[in-house]
Amino acid sequence: QVQLVESGGGLVQAGDSLRLSCAASGLRFGDHEMGWFRQAPGTEREFLAAINWNGAKIYYADSVKGRFTISRDNAKNTVHLQMNSLKPEDTAVYYCNTEQLRRRGYWGQGSQVTVSS
């Protein structure tokens with residue numbers, strides 16, 4: 001059974017940092033690209049960052065480039081998102097996913113990040 005469990009969110013002030021983690025199970029983690037997404041109330045889900053199977057290819061959305069860093073540990077079936085210099089507009093629920101599961105409409109519960117000004 002496939003599971004994606006995000007953690008590490010919380011309430012922080014502008015300029016603070018958070019490190020999100022995503023634990024995956026029920027799939028061959030090392031065979032999949034992984035991505036981070038977020039969704040604020042009343043908005044569409046937004047792509048943030050992606051990392052290929054071995055970490056050699058990484059992509060960031062312009063909105064987070066230079067502030068967020070994606071990484072993965074295939075031995076632990078985890079992917080992380082280090083978020084620095086957080087802004088109020090970063091407030092959202094953050095999700096991890098693979099392209100395959102995203103196409104099938106599967107998402108985990110996400111992790112809430114709230115940034116106060």
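Me: What is the torsion about the S-S bond of Cys22 and Cys96, and is the disulfide right-handed or left-handed?

Reply: This is a predicted model, in which local features need pLDDT of at least 70 and side-chain atom pairs count only at pLDDT 80 or more, while totals for chains, interfaces and linings use all residues. Residues are numbered from 1 along each chain as its sequence is written, and side-chain values use heavy atoms, with hydrogens and water left out. Cys22 and Cys96 are joined by a disulfide with an S to S distance of 1.8 Å, a disulfide being a pair of cysteine sulfur atoms within 2.5 Å. The torsion about this bond is about 55 degrees, so the disulfide is right-handed.

Me: Is Asp90 buried or exposed, and what is its relative accessible area?

Reply: Asp90 sits in the loop between strand E8 (78–83) and strand E9 (92–97). Buried means under 20% relative accessible area, exposed over 50%, and partly exposed in between (1.4 Å probe, protein chains only). Asp90 therefore counts as buried, with a relative accessible area of 0%.

Me: Which residue forms a salt bridge with Asp90?

Reply: A salt bridge is taken here as a side-chain nitrogen of Lys or Arg within 4 Å of a carboxyl oxygen of Asp or Glu. For Asp90 the closest N and O atoms of such a pair are 2.8 Å apart, and the partner is Arg67.

Me: Which residues do salt bridges that share partners join into one network?

Reply: The side chains of Arg38 and Glu46 meet in a salt bridge at 2.9 Å, N to O; Arg38 is buried at 6% relative accessible area, whereas Glu46 is partly exposed at 29%. The side chain of Asp90 also makes a polar contact with the side chain of Arg38 at 2.9 Å, a polar contact being a pair of N or O atoms within 3.5 Å, where within protein one must be able to donate a hydrogen and the other to accept it, and residues adjacent in sequence count only if both atoms are side-chain atoms. Arg67 forms a salt bridge with Asp90, and salt bridges that share partners join into one network Arg38, Glu46, Arg67 and Asp90.

Technical notes:
Helix = DSSP H or I, 4+ residues; strand = E, 2+ residues; numbered from the N terminus.
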